[in-house]
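This briefing is intended to be read alongside the sequence and the three-dimensional structure.

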Amino acid sequence: MSDYDVLMTPMKVGSIEVKNRFVMCAMGIHSHRLVNPDGSFTDDGIRYYERIAEGGVGLIVTSCMTVNSSFDMSKGSEAAMDRAGQEFIDNTKKFTDCMHKHGTKVFMQLSSGAGRVLPAFIAEGEPIAPSDGLPNFWDPSVKHRALTKEEIQEYIEKFGDAAKKCREAGVDGVEIHAIHEGYLLDQFTLSYCNHRTDEYGGSLEGRLLFAKKIIENIKQKAGADYPVSMRYSVRSFVKDFNKGALPGEDFVEAGRDLEEGLKVAKMLEDYGVDMLDADNGTYDSWWFPHPPVYMDEACNLAECEAVQKVVNIPVVCAGRMENPEVALNAVKEGKVTGVGIARQFLADPDYVQKLQDNKSEEIRPCIACHAGCVNRIFKGQDICCALNPAVAREDVYAITPAETKKKVMVIGGGIGGMEAARVSALRGHDVCLYEKTDKLGGVFIPASAMSFKASDKRLIQWYELQMKELGVDVHMNTTVTKELIDEVNPDVVYQATGSSTRKLNILGNEKTISAIDALNNPELMQGDIVIIGGGLTGVEIAYEYAKQGRNVTVLEAQDKILNVDLAAPNKNFLLAAMDVYNVNVVVNAKVISVDDENVNYEVDGQQQSVKADTTVVSIGYNSYVPFDSLDREMYTIGDAAKVSNLMGAIWTAYETAMNI
């Protein structure tokens, strides 16, 4: 008997039954190692999905396939359903058979393309949209032309043809991509994007006609009983092109408001859609469909619940639904039928099985960083996970028993050190870990201190549990010396000593503190706050206090803030938050001094001052390396090797430890 039995009950989607309430939402995998030129999955791609199916998920929605190679293609891409032949069907049958072996159903996501949100620099051919003159999301100077009625009909026919091929390949249903996230089909439905005067524009019925005919064509060609899901954004949360709204912001909706969202949902049910895979947002408000850590858990649940009340088909809610208690209550209380999860299955593919086994505390939590998934995808790299380097390379990165058991000493109890200890212990080594403070977590402790970092705190707790369950011999409040190393006499030493705060060579005062002090001691954050440094930590601190109504200024020496490797949804949210919460951002600012009342700085040769009751110095970190060498096998990992982010710390630890 599990506390989560409600989540393990089957749900009906059209003519099929899904074994539980969990849906893996689509995530893009496009690299040639995972996807064949025709869009079918390679053996590595199949293995990626199989690992998640092994973990117990009920329904997998695959990454999307465009149906029409005539339009909206990326340069060099050959993958489109209208080009897919028998080889695609055979390869896909191999994939679906593998998923079915684990009792997991499969929907293939079929796409009309991106329209104005396709990056102009990778687009092949003339950029298209519902209406003439729409600005490209990535480069607004690029304008799109309107699809003709003949071209729309071509799309409609090819959706039906594609669904028929999917059914031949054993795919259990299809998901239309999408009246969602501001992609091409969604652009047709949104009044601020669709200015057409023919039957595909004007009224709500006209703007939905394209979608209606797609659904009808699929049902006609693939069978009336063939399940069709619609990826659906209930609300747009858009103020204008490239201007999204933040949660709770008072604004005038340019896109779909809740009232219209409920009407559209009922119309889609009437048109024959069997499931709504729902959330909110468009590219213009990218943080809703790809919620970063700054968005609340279950950030789309209220709108999805409202939809479930007006339709009789299953509504699956996506968007930070990974907290087991949140997911349980959403289904138990009838707010939605199913739970849509994506990134959490990367962080821990055994998520469902652990809930079924009543071991929720053993789930490695997704921290909504986007570093290993979205950020890598948009760089053209394989999908992976900041916390789980084995994603999409499950066999090559498998943790295997070590040929020779060794005594392993880890110096430093931060995340990198605990990851090295975890992997070493899983491989069968005898592991001891030494931490100089009274807490495990290192710099991730202050990093997790902000109000929106609950998942970060859970990650520290997860690592603490791993140390205990794997029998790592943990020593707290211990500074490691060469004498101690000689006494322990390990075969292998991991130097995971992290980093120290970078100092600013200016005249300060007693109210000038480091970012770590600010995070560890919020009582020090008094009055008007000036933050020196507009990197990620500085901007996050600015957001934390500005949303409390405090006067906050960020002084950045470079010509822009957040000049770091950060996924677009996370960066766009923070940039929007600086504006919405009236943070005074000053770039090209050279700080001169801090006196009793002000921070004094210079911009373009002009000296200026800003009132500061508290000054926070957030200009980065320097690696801390106590030992250059030892008379034994030694590896320097994490920030001690190179100051990076959490992904860098975990990956270097994992990749080193998996080979020792």
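This is a predicted model: local features need pLDDT of at least 70, side-chain atom pairs count only at pLDDT 80 or more; totals for chains, interfaces and linings use all residues.

In strand 30, Ser609 is the bridge partner of Asn600.

- Strand 29 and strand 30 (residues 606-611) pair in the antiparallel sense, with 6 bridges between them.
- These two strands form a hairpin with 2 residues between them, and Asp604 in this hairpin adopts a positive phi near 50 degrees.
- Strand 29 (residues 598-603) also runs antiparallel to strand 28 (residues 590-594), to which 4 bridges join it.
- Asn600 of strand 29 is the bridge partner of Ser593.
- The hairpin of strand 28 and strand 29 has 3 residues between its strands.

- An open sheet is formed by 5 strands with parallel pairing, in the order 21-20-19-22-33.
- Strand 21 (473-475) and strand 33 (633-636) are the edge strands, each pairing on one side only.
- On average, neighbouring strands of this sheet are turned by 15 degrees against each other, direction ignored.
- Within the sheet, 5 bridges connect strand 19 (residues 407-411) with strand 20 (residues 430-434) in the parallel sense, and Lys407 has Asp430 of strand 20 as its bridge partner.
- Helix 13 (residues 415-426) packs on the sheet and touches strand 19, strand 20 and strand 22 (492-495). The direction of helix 13 makes about 165 degrees with that of strand 20.

**Arg364, a buried charged residue**

- Arg364 is located in the loop between helix 11 (351-356) and helix 12 (374-377).
- Arg364 is buried but has no salt bridge. The nearest side chain of opposite charge is that of Glu419, at 4.9 Å, whereas a salt bridge is counted within 4 Å.
- The side chain of Arg364 does reach backbone oxygens: that of Ala347 at 2.8 Å, and that of Leu387 at 3.2 Å from a polar side-chain atom.
- Leaving aside residues up to four places away in sequence, Arg364 touches several residues, among them Gln344, Asp348, Asn388, Arg422, Leu459 and Trp462.

- The model contains 43 salt bridges.
- One of them joins Arg33 and Asp382, whose closest N and O atoms are 2.8 Å apart. The two residues are 349 residues apart, with Arg33 in the loop between strand 3 (22-24) and helix 1 (43-54) and Asp382 in the loop between helix 12 and strand 19.
- Arg33 counts as partly exposed because its relative accessibility is 31%, while Asp382, at 18%, is buried.
- Asp395 and Arg47 meet through their side chains in a salt bridge of 3.2 Å, N to O. Asp395 lies in the loop between helix 12 and strand 19 and Arg47 in helix 1, a separation of 348 residues.
- Asp395 is exposed, with a relative accessible area of 53%, whereas Arg47 is buried at 19%.
- Arg458 and Glu297 form a further salt bridge, with 2.7 Å between the closest N and O atoms. Arg458 belongs to helix 15 (residues 454-469), and Glu297, 161 residues away, to the loop between strand 16 (275-279) and helix 8 (301-308).
- Arg458 is partly exposed at 27% relative accessible area, and Glu297 is partly exposed at 27%.
- Through shared partners, salt bridges join Arg47, Glu50, Arg51, Glu54, Lys101, Asp350 and Asp395 into one network.

Technical notes: Residues are numbered from 1 along each chain as its sequence is written. Side-chain values use heavy atoms; hydrogens and water are left out. Buried means under 20% relative accessible area, exposed over 50%, partly exposed in between (1.4 Å probe, protein chains only). Lys and Arg count as positive and Asp and Glu as negative; His and the chain ends are not counted. A polar contact is a pair of N or O atoms within 3.5 Å; within protein, one must be able to donate a hydrogen and the other to accept it, and residues adjacent in sequence count only if both atoms are side-chain atoms. Contact means heavy atoms within 4.5 Å. Two strands pair if DSSP finds at least two bridges between them. Axes are lines fitted to C-alpha atoms, for helices over the stretch in contact, and angles run from 0 to 180 degrees between N-to-C directions.
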